[in-house]
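Grab a pencil and work through these exercises with the structure open. Each task comes with a solution in steps.

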Amino acid sequence: MVNRFAAMVLLLGPLGSASALAQDPVPVQRGRAVAESRCAACHAVRAGETTSPVAAAASFTRVAATPGMTELALQAMLQTSHRTMPNLILDADEMRDVIAYILSLAKR
Ligand code: HEC
């Protein structure tokens, strides 16, 4: 899986792997699992869901629909201190996958 992804990034090179990321079903599926296990206590994580369990936490569908939302912007959001998410520690793969999942919601 990882090798396949790496090969794809290599193939696509500088053509913008951010959109490719959200279109590859493998990281998107893994990211959905990460979202459901690590984020769903507070965020509405499913496509089309708008009401989050924690009102202050935006639904992922809304995050994805934010104009100009990119992989980089999401990375910055997840890496900056998230006052209300003290235990949110994602490794690099989980971070990439959950970002792919969130971005994929924008297309539904
Ligand atoms: C304990 C509750 C909680 C958990 C778990 C949680 N979040 Fe959050 N998240 C929040 C709250 C509350 C906010 C808004 C306030 C803030 O930024 O602290 C937020 C904000 C965000 C934002 C910024 C949204 C925006 O438009 O401002 C993103 C992106 C985000 N969370 C992603 C995630 C991801 C991805 C996960 C799982 C890996 C996750 N969160 C898990 C509570 C949570």
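**Exercise 1.** Decide whether Asp-24 is buried or exposed, and find which backbone nitrogen its side chain reaches.

*Solution.* Start with the cut-offs: buried means under 20% relative accessible area, exposed over 50%, and partly exposed in between (1.4 Å probe, protein chains only). Asp-24 has 2% relative accessibility, so it counts as buried. Next, locate Asp-24: it's in the loop between helix H2 (17–23) and H3. Finally, follow its side chain, which reaches the backbone nitrogen of Val-26 at 2.9 Å.

A word on ground rules: this is a predicted model, where local features need pLDDT of at least 70 and side-chain atom pairs count only at pLDDT 80 or more, while totals for chains, interfaces and linings use all residues. Residues are numbered from 1 along each chain as its sequence is written, and side-chain values use heavy atoms, leaving out hydrogens and water.

**Exercise 2.** Work out how many residues of H6 are buried, and what sits at its start.

*Solution.* H6 covers residues 92–104, 13 residues in all. Ten of the 13 are buried, among them Met-95, Ile-99 and Leu-103. At the start of H6, a side-chain oxygen of Asp-91 comes to within 3.0 Å of the backbone nitrogen of Asp-93.

**Exercise 3.** Describe how H3 and H6 cross.

*Solution.* First take the axes (lines fitted to C-alpha atoms over the stretch in contact, with angles from 0 to 180 degrees between N-to-C directions). The axes of H3 (residues 25–39) and H6 come within 7 Å and cross at roughly 100°. That makes H3 roughly perpendicular to H6, a label for angles of 65 to 115 degrees.

Note on methods:
Helix = DSSP H or I, 4+ residues; strand = E, 2+ residues; numbered from the N terminus. Expected span 1.5 Å × (residues − 1). Polar contact = N/O pair within 3.5 Å; in protein donor to acceptor, adjacent residues only side chain to side chain. Parallel < 35°, antiparallel > 145°, perpendicular 65-115°, else oblique.
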